Structure formats: structure tokens, C-alpha cells
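Please keep the viewer open as you read.

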Amino acid sequence: MRCGTRIVRNGDTQTAVRDLCGEPSDVQTRSILRRPSFERNGRIFFYGDSVVEIPIEVWTYNFGPYKLMRRVRFIDGLVDEIETLGYGYRADNQ
């Protein structure tokens, strides 16, 4: 995702995205339950029978009516997915 001349990539932190793109126009929070896992050599391995709660935040950026909006999903504080939405809208600050 491009914010001006700067680029946001998968794996970036929430702080880095906020520094590059500013405050999002909308933030949604929720969580998911997952089995504990680790990655080795590109493969994901699960262990144990328990589940852990993983926080998820979805930030929506409205860059105005002449640019496409973006939805950024953070899992455990890191960018996991960037989705392109339709054109933005003019935000009235009244």
C-alpha cells in the first residue's frame, strides 16, 4: 500500500503504518482463537491442544474521493493483509 511516496508492507507494525499513513478513518477490533504454532523453513507447525486468543484490528484509510480506500488487517500487531476498496469520500469536518 502506498501512502504518498512511502510503502506499507505485510509484516509492518501498527506504529510504522501510523507513522507512514497517519490516523485511519475507522478502526475495528476483535479477536480469534488459534492453536499455538511456530514457523520453520516456511512450514507452520501446531502444538498443544489449547487455543490462544489473538487480537485483530482492521484499519480503514480514506484518502479522499479521487483515490481508492484501503483496509489493513493487523494480526497480533503486524500487517497481515491489505485490501483495496472503492473510491473514498470527502470527509466533512463539521
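Predicted model: local features only at pLDDT ≥ 70, side-chain atom pairs only at ≥ 80, totals over all residues.

Let us begin with the strands. Four of them make up an open sheet, arranged in the order S3-S6-S7-S8, and their pairing is antiparallel. The edge positions belong to strand S3 (26–34) and S8; each has a single partner strand, so one side of each is left without a neighbour in the sheet. From one strand to the next, the twist averages 20°.

Further in, strand S6 (residues 52–61) and S7 run antiparallel and are joined by six bridges.

Which strands does helix H1 touch? Helix H1 (residues 14–21) packs on the sheet, where it is in touch with S6, S7 and S8. The direction of H1 makes about 5° with that of S6.

## Salt bridges

Now to the charged side chains. Side chains of opposite charge can pair when their charged atoms come close. How many salt bridges does a search of the whole structure find? The search finds four.

One of them brings together the side chains of Arg 18 and Glu 23, at 2.9 Å from N to O. Arg 18 is partly exposed, with a relative accessible area of 34%, whereas Glu 23 is exposed, at 57%.

## Pairs between S7 and S8

Another salt bridge connects Glu 83 with Arg 71, and here the closest N and O atoms are 3.2 Å apart. This pair links distant parts of the chain: Glu 83 sits in strand S8 and Arg 71 in strand S7, 12 residues apart. Both partners are partly exposed, Glu 83 at 33% relative accessibility and Arg 71 with a relative accessible area of 31%.

The side chains of Glu 81 and Arg 73 also meet in a salt bridge, with 3.8 Å from N to O. Glu 81 counts as partly exposed at 38% relative accessibility, and Arg 73 likewise counts as partly exposed, at 26%. Arg 73 belongs to a network with Asp 80 and Glu 81, joined by salt bridges that share partners.

## Two loop residues with positive phi

A word on the backbone comes next. Most residues other than glycine have a negative phi. Asn 41 has a positive value, with phi near 55°. You will find Asn 41 in the loop between strand S4 (37–40) and S5. Is Asn 41 buried or exposed? Asn 41 is exposed, because its relative accessible area is 76% and the cut-off for that class is over 50%.

Asp 76 is a residue other than glycine with a positive phi too, near 55°. Asp 76 lies in the loop between strand S7 (68–75) and strand S8 (78–87). With 53% relative accessibility, Asp 76 counts as exposed.

## A nonpolar patch

Which residues make the nonpolar surface patch of about 280 Å²? Phe 38, Phe 45 and Tyr 47 do. Of these, Phe 45 has its place in strand S5 (residues 43–46). Phe 45 is partly exposed, with a relative accessible area of 30%.

Methods
Residues numbered from 1 in each chain as written. Heavy atoms only, no water. Patch = residues over 30% accessible without salt bridge, like charges linked within 9 Å, V, L, I, M, F, W, Y side chains within 5 Å. Areas by Shrake-Rupley, 256 points an atom, 1.4 Å probe, with all protein chains shown as cover. Helix = DSSP H or I, 4+ residues; strand = E, 2+ residues; numbered from the N terminus. Buried < 20%, exposed > 50% of the residue type's maximum accessible area, 1.4 Å probe, protein only. Pairing = 2+ DSSP bridges. Axes fitted to C-alpha atoms, helices over the stretch in contact; angles between N-to-C directions. Contact = heavy atoms within 4.5 Å.
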